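Visitor: I am new to this structure. Could you take me for a close look at a single part?

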Amino acid sequence: MLEHLNGKTINFHGSILAFEGLNEFVFNYIEGSDLGYIRSVQDEKIGFVVAIPFEYFNEYAFELNQDDVARLELQSERDVLILSIVTLKEPFQESTMNLLAPLVINVRNLKGHQIILPPSYEYEIKTPLYPKESGEQKC
């Protein structure tokens, strides 16, 4: 799915937290991985590594509210791509993912929005990609 967005511009309408002045981000697929990179069109020094959270966390789930569905003009589940921002660390196995504030993208019209999940979901901003007890490595 990520490779299909390569080179496309997604309009987040200022919804990325702490970067409300930035709207458009170009998506770049990082070949040979399950990661992507979104870079601001307005400020090329600003960008984020992203990944599909379900690739790392099988039980990750949430429901979009009707306001988000309407804002993104979602017509079907096939229109939706969920990404999470990854904070890279050295070594990579200590990297974290923001599960509390996913990026929701309509792949049909390239509208995106960062949502903040309610506390009932109990997700964290810095969820380890590789829990220490599992020892598993995705990449």
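Guide: L35 is buried, with a relative accessible area of 8%; buried means under 20% relative accessible area, exposed over 50%, and partly exposed in between, using a 1.4 Å probe and protein chains only. This is a predicted model, where local features need pLDDT of at least 70, side-chain atom pairs count only at pLDDT 80 or more, and totals for chains, interfaces and linings use all residues. Residues are numbered from 1 along each chain as its sequence is written, and side-chain values use heavy atoms, with hydrogens and water left out.

You will find L35 in strand β3, residues 35–40. Strands (E, at least two residues) and helices (H or I, at least four) are DSSP runs numbered from the N terminus.

Now look at what surrounds L35. Setting aside neighbours within four places in sequence, L35 is in contact with L2, Y29, I30, V49, V50, A51, Y56 and F92, where contact means heavy atoms within 4.5 Å. One of these partners, L2, sits 33 residues from L35 along the chain, yet their C-alpha atoms are separated by 7.8 Å.

From here, let us visit some loops. L110, in the loop between β7 (103–106) and β8 (111–114), also counts as buried, at 19% relative accessibility. Its phi is near 60 degrees, a positive value in a residue other than glycine. A18 has a positive phi too, of about 75 degrees, and is not a glycine. However, A18 counts as exposed at 63% relative accessibility, and its place is in the loop between β1 (9–11) and β2 (24–29).
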